[in-house]
Amino acid sequence: MLKINDVVKKYDPASSGRLRRRGIDIDKHRPALGGVSLRVEEGQFHTLLGPSGCGKTTLLRSVAGLEHPDSGEIELGGDTLFSAERSVDLSPDRRKLGMVFQSYAIWPHMSVRQNVAFPMRVGRDKRPKAEVDKLVVAALESVGLSEAIDRSATKLSGGQQQRLAFARAMVGRPRLLLLDEPLSNLDAQLRASMRLELKRLQSELGLTTLYVTHDQAEALAISDVITIMSGGRIMQQGTPRDIYDNPENLFVARFIGSPNLLSAKIDDGSGRRTVLTDIGPLVLDEAVPAGLTDVVLVLRPEDLEPRRRADGTHGSPGANELFGTVVAQSFEGECIRHIVAVGDERIECRSARHSDVRPGDEVSVPVPGRALSVVDAHDEPH
Ligand SMILES: Nc1ncnc2c1ncn2[C@@H]1O[C@H](COP(=O)(O)OP(=O)(O)O)[C@@H](O)[C@H]1O
Ligand SMILES: [Mg+2]
């Protein structure tokens, strides 16, 4: 298990100046990591997700031993890798980790075989040639590169180079695999298939993995647990489903998916299950915890399917039903996106691609209680 305890990292303001001159926006008063704690269980695929500059790479590099935090502790399988208090800071090669970064640093003058073998032929982790040969063949087989074993590494396609980088990182069965946006140089289609493959490899080998990405779709698809970061702090931690269905604060609600967000108040009289919005009351499946009054209601378009109203403009909406008019629509291949005017609000909805709803139609939008969640309107960082 990897344990990260209260890690703080502040960069030297002098280097901040250099970054700013290079057009990189930084706040030199805010630490890159403002006290981050997390655990990665044995065999878990754990993802750090957050916008650019939130501290993901700094945290990963601190685990690798490439950055030196100001305080805190990092432990792997009971060994201390870093402790400011006890002045422990193991060098990267003594941490026995596998790493793949965005630029996967394939050695161009070597063959595929030599690239994978190299980490085991030099340095502290040197192993006998026969053992290395066996491990290399197995690693290349697991990433589907057996045929290319004696090819020059530069003859590989982008996707193949990526596989090679994975094989090299995994070959020595590292105690922990660190991956920093390893798929971001691939085109979109290849990225989607590589992420499934990466997940398969990781779970087959049972590799404990800490993965960095700013791509939420990637994080949702691949992770056992996601830690969402912003401004050097953790915003929420949970399974992909948890984070998607129950954002804990406005930052996470805004960051994940593209939900409709409505200001609302909790109606105390209703057992705290009713939220009052400008477009009427809506009832949640579960009661809102005491103490919350002003909230933002999170309504995901994919839970809202508009239906044409047979009776035109007559009648009034039932419980958890919105009446409105479709004011815009786009065909998106996988679905149809609708903008529905409900009172003064514009609500985004989705429907199956065969929906017969058209712009201008009067529609009813059922709002399932389980699809509703609320976050504190005042709880936004920074
Ligand atoms: N070498 C550095 N010197 C000074 N500031 C840095 C350096 N590296 C990163 N930072 C700053 O630290 C913060 C976190 O950066 P980083 O960990 O790279 O974020 P992410 O990987 O989430 O995009 C940012 O504000 C960034 O500008
Ligand atoms: Mg980064």
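Select Glu42 to start: this residue sits in the loop between S2 and S3. Helices (H or I, at least four residues) and strands (E, at least two) are DSSP runs, numbered from the N terminus. The model is predicted, with local features needing pLDDT of at least 70, side-chain atom pairs counting only at pLDDT 80 or more, and totals for chains, interfaces and linings using all residues. Residues are numbered from 1 along each chain as its sequence is written, chains are lettered from A and ligands numbered from 1 in the order in which they are written, and side-chain values use heavy atoms, with hydrogens and water left out.

**Around Glu42**

Is Glu42 buried or exposed? Glu42 is exposed, at 59% relative accessible area. Here buried means under 20% relative accessible area, exposed over 50%, and partly exposed in between (1.4 Å probe, protein chains only).

Now show what Glu42 touches. Apart from neighbours within four places in sequence, the contacts of Glu42 are Met1 and Thr208; contact means heavy atoms within 4.5 Å. Zoom in on Met1: its backbone nitrogen is 2.5 Å from a polar atom of the Glu42 side chain.

**On to Gln44**

Select Gln44, in the loop between strand S2 (33–40) and strand S3 (45–49). Gln44 has 13% relative accessibility and so counts as buried. Which residues does Gln44 touch, not counting those up to four places away in sequence? They are Arg39, Gln202, Leu207, Thr208, Thr209, Asp224 and Val225.

Next display the side chain of His46. A polar contact of 3.1 Å links it to the side chain of Gln44. A polar contact is a pair of N or O atoms within 3.5 Å; within protein, one must be able to donate a hydrogen and the other to accept it, and residues adjacent in sequence count only if both atoms are side-chain atoms.

**Helix H2**

Select residues 56–64, which form helix H2. Because 7 of its 9 residues are buried, H2 is largely enclosed by the rest of the structure. The buried residues are Lys56, Thr58, Leu59, Leu60, Ser62, Val63 and Ala64. After H2 comes Gly65, with a positive phi near 90 degrees.

Most residues other than glycine have a negative phi. Select Ser87, whose phi is positive, near 50 degrees. Ser87 belongs to the loop between strand S5 (79–83) and strand S6 (88–89), and is exposed at 67% relative accessible area.

Then select Glu181, which is not a glycine but has a positive phi of about 45 degrees. Glu181 is in the loop between strand S8 (176–180) and helix H6 (188–205). With 11% relative accessibility, Glu181 counts as buried.

**The whole protein**

Zoom out and colour by domain. The assignment gives domain 1 (42–66 + 91–245), domain 2 (258–300 + 371–376) and domain 3 (305–366); the bounds come from an automatic or database domain assignment. The centres of domain 1 and domain 2, taken over C-alpha atoms, are 41 Å apart.

Switch to the C-alpha trace, which spans about 80 × 50 × 40 Å along its principal axes. In a cartoon view there are 9 helices and 21 strands. Of the 382 residues, 45% are buried. Among contacts with a separation of 6 or more, 66% are between residues 24 or more positions apart.
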